[in-house]
Structure formats: structure tokens, C-alpha cells
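Please study the sequence and the structure below, and then work through the exercises. Each task is followed by a solution in steps.

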Amino acid sequence: MKRLLTYFKFNKTEQNGFFVILVIIIVFSIIYSLVSRENKNDPIAHQARVFEQSFHDSTDTEDYPNKKFKVADVHLEKRVARSGPDSGIENNVVDTKLFYFDPNNLSVEAWRELGLSDKQIAVIKNYEKKGGRFKDKNDVRKMYSINAKLYKKLEPFIRIKVETTGPSTVAKAPLLYDKFETNHAELIDLNTCDTIALMSLKGIGTILSKRILKYKEVLGGFYRIEQLKEVYGITPETYDLIKDYITVSNLEGIKKININQIDANSLGKHPYLSPKDAKLIVNYRDQHGNYANIEDFTKIGTLSDLAIAKIAPYLIFENDSR
């Protein structure tokens, strides 16, 4: 090294300065090497993981009641739940069994079959313990442990028994309709009424009354009054005007579809199933045998829980007699 410095004709002071600079370079090289080793992860891959995590976090946010249902929401209805004692309150359900139920005093086991977690059930039971009662479906929707997505699946199957207070019950005053200035004390049953009865409602004329009856025939009968919103021409304003004056009874009279006998063409005519859905249902039946119950529909994999819940009241599962 001294020969090299002598070759470049460095004096004593310049040689000392050279060694100091060399030592500083070596020290900084070692420090940089250590820091680089700790951050050896690919920064692009790290950013990708951060983006992926933020995306999954965004899909876990709760739906709001006014959010319209989209095809993409089907992916959010996967029956893959986060399980375990520390999972918190979750509204994704596993092995959901859909059946008619009264939420008042419903057993823990029954809630579990409907797909609720233990923490969700605990919230409901605590509400009942404090004297809370479910008087109508909206009371179920108001439970903070049940979000809008889960409520949509359960709502068609909620059947709350009307409580009576005995002979002392005060009768409601007759309802006065301004349109015809006639007194109708009884509610109009959508499954048994005619066009004249429907036309006595505010906002319902000849055309709309015929559409309602036609849609009832195509459906096979109404099982809840909210289905009236599906009739073309029934605006939210019109529905709000008449919802307190209509009812749905005689559910036993609903026209049922024997899912183990019907062909794809006939099944596809139902408003709640597209021709493609009907073909998938029939093909799955032909390949795997008759359906035993509504839970078998979840095995198809392409039908959303919402679609299954809507069509369920119109199906029966009798064995094919052919």
C-alpha cells in the first residue's frame, strides 16, 4: 500500500487523509449492507400485500339498507364464515338452513341452523332477557348484530304470531278512503281480491289492478305484501299509500312447483328464476338425483342465497313418480 502511495507521490499528510477516507467508506458500506439485509423484501410485493389487505378490509364493511343488489354482491354472499371464539360478530353464514320461524323465544339451536354465530345469538337473547319482543319484521332488521345482507336472506321466512290481549282488545277504527269515500274495515287480501277491490286503493287504477292480478298468477300467489313492489308501475310512493290497507293470507293456496318433476323450460318462466338458472337446477337434479330440501340448492354453487330465499316458498320436494 505504501509503495502505491509513494508511486502517486503522496506525502505523509495526504497518506493519512487517504486512510481516513478509506475507513469511512468501509464503515458506511457495512452499515448500508446491514440495513439492506433487514429490508430485503421486494418493495413491489410488499405494496401488493398492503393493497390486497386494504381490498379485503373494504369488502368486509357492512352493507347499508338502501344499497341496491348487484350481481357482484353474489361474491359477498359466500358461505365461508370466520369461525372461532375470537371471530367477533359475523354475518357470513355457513350451512344455512332456511325455514319459517318466529324470532320470539327461538331456541339457540334454531338460530344456529339459520346461520347466526354464538355472539350474534347472545345479542338477541340479551335483548329478550331485558323484555324485548319482535312485533314485526322491522324489529329483526333493527338488531345491530344482523346486517342488511343477512336480513335479506332471513326476511322471507320470518313469521311473527300476532299477539292478542283477549276480549278487552280495542277494535281499530274503520279506515276511510278518500277516493270513493267508502268505509273499509277489512284489509284487502292480495291473494283473493279482484280488480274492483284493488281499484278502491289510492293510486291503483284499471291498468295497475290488472297487472297485480296477472303478476299474482305468474308468481303462483303472494307470500308477503312487499312483493307488490315488483309489479311494473307500482312506485315507492304508491306502495307507501296502500301498504297499510293490504294483507296476504291463505298461504296454503300458493301454487307450488314440484322441483323434482318440472322441466327447465317451465321452471324458467317463474319471475324469480332466469332460463339459465332453471337449466342449471334441472341439470344438477339429473346428474345428482332428486332434491330433498331447499338446502340442496346451495350445492349448485351458482345461485345466490337471495335467489334461493325468494324461490323457496314456491317449491315442494316430492319424489318423481315417473
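The exercises that follow concern a predicted model.

**Exercise 1. The chain as a whole**

Task: State how many helices and strands the chain has, and what percentage of its residues count as buried.

Solution. Step 1: The secondary structure consists of 13 helices and six strands. Step 2: The chain has 322 residues, and 35% of them count as buried. Step 3: The accessible surface is about 21300 Å², with 57% belonging to carbon and sulfur atoms.

**Exercise 2. The largest nonpolar core**

Solution. Step 1: The largest nonpolar core contains 62 residues. Leu116, Leu198, Leu228, Leu267, Ile281 and Phe297 have the most contacts inside it. Step 2: Several helices supply at least two residues each to this core, among them helix 5 (118–129), helix 9 (206–219) and helix 12 (275–288).

**Exercise 3. The faces of helix 12**

Task: Explain why the buried residues of helix 12 are said to line one face of the helix.

Solution. Step 1: Helix 12 comprises 14 residues and spans 20 Å from its first C-alpha to its last, close to the 20 Å expected at 1.5 Å a residue. Step 2: Its buried residues are Asp277, Ala278, Ile281, Val282, Tyr284 and Arg285. Step 3: Viewed down the axis of helix 12, the buried residues fall within an arc of 160°, and therefore they line one face. Step 4: On the other side of helix 12, the exposed residues are Pro275, Lys276, Lys279, Asp286 and Gln287. Step 5: The cover over the buried residues of helix 12 includes helix 11 (264–267). Step 6: Just after helix 12, Gly289 takes a positive phi of about 95°.

**Exercise 4. Aromatic residues**

Task: Classify Phe99 as buried, partly exposed or exposed, and do likewise for Phe101.

Solution. Step 1: Buried means under 20% relative accessible area, and exposed means over 50%. Step 2: Phe99 has 24% relative accessibility, so Phe99 counts as partly exposed. Step 3: Phe101 has 4%, so Phe101 counts as buried.

Task: Identify the residues that ring pairs link to Phe297 in a cluster.

Solution. Step 1: The cluster joins Phe297 with Tyr284, Tyr291 and Phe317. Step 2: Leaving aside residues up to four places away in sequence, Phe297 touches Ile259, Ile281, Tyr291, Leu303, Ile308, Leu315 and Phe317.

Notes. Residues numbered from 1 in each chain as written. Predicted model: local features only at pLDDT ≥ 70, side-chain atom pairs only at ≥ 80, totals over all residues. Heavy atoms only, no water. Core = buried A, V, L, I, M, F, W, Y, C linked by side-chain atoms within 4.5 Å. Buried < 20%, exposed > 50% of the residue type's maximum accessible area, 1.4 Å probe, protein only. Helix = DSSP H or I, 4+ residues; strand = E, 2+ residues; numbered from the N terminus. Contact = heavy atoms within 4.5 Å. Areas by Shrake-Rupley, 256 points an atom, 1.4 Å probe, with all protein chains shown as cover. Expected span 1.5 Å × (residues − 1). Arc of directions from axis to C-beta. Phe/Tyr/Trp six-rings, centres within 6.5 Å; stacked < 30°, edge-to-face > 60°.
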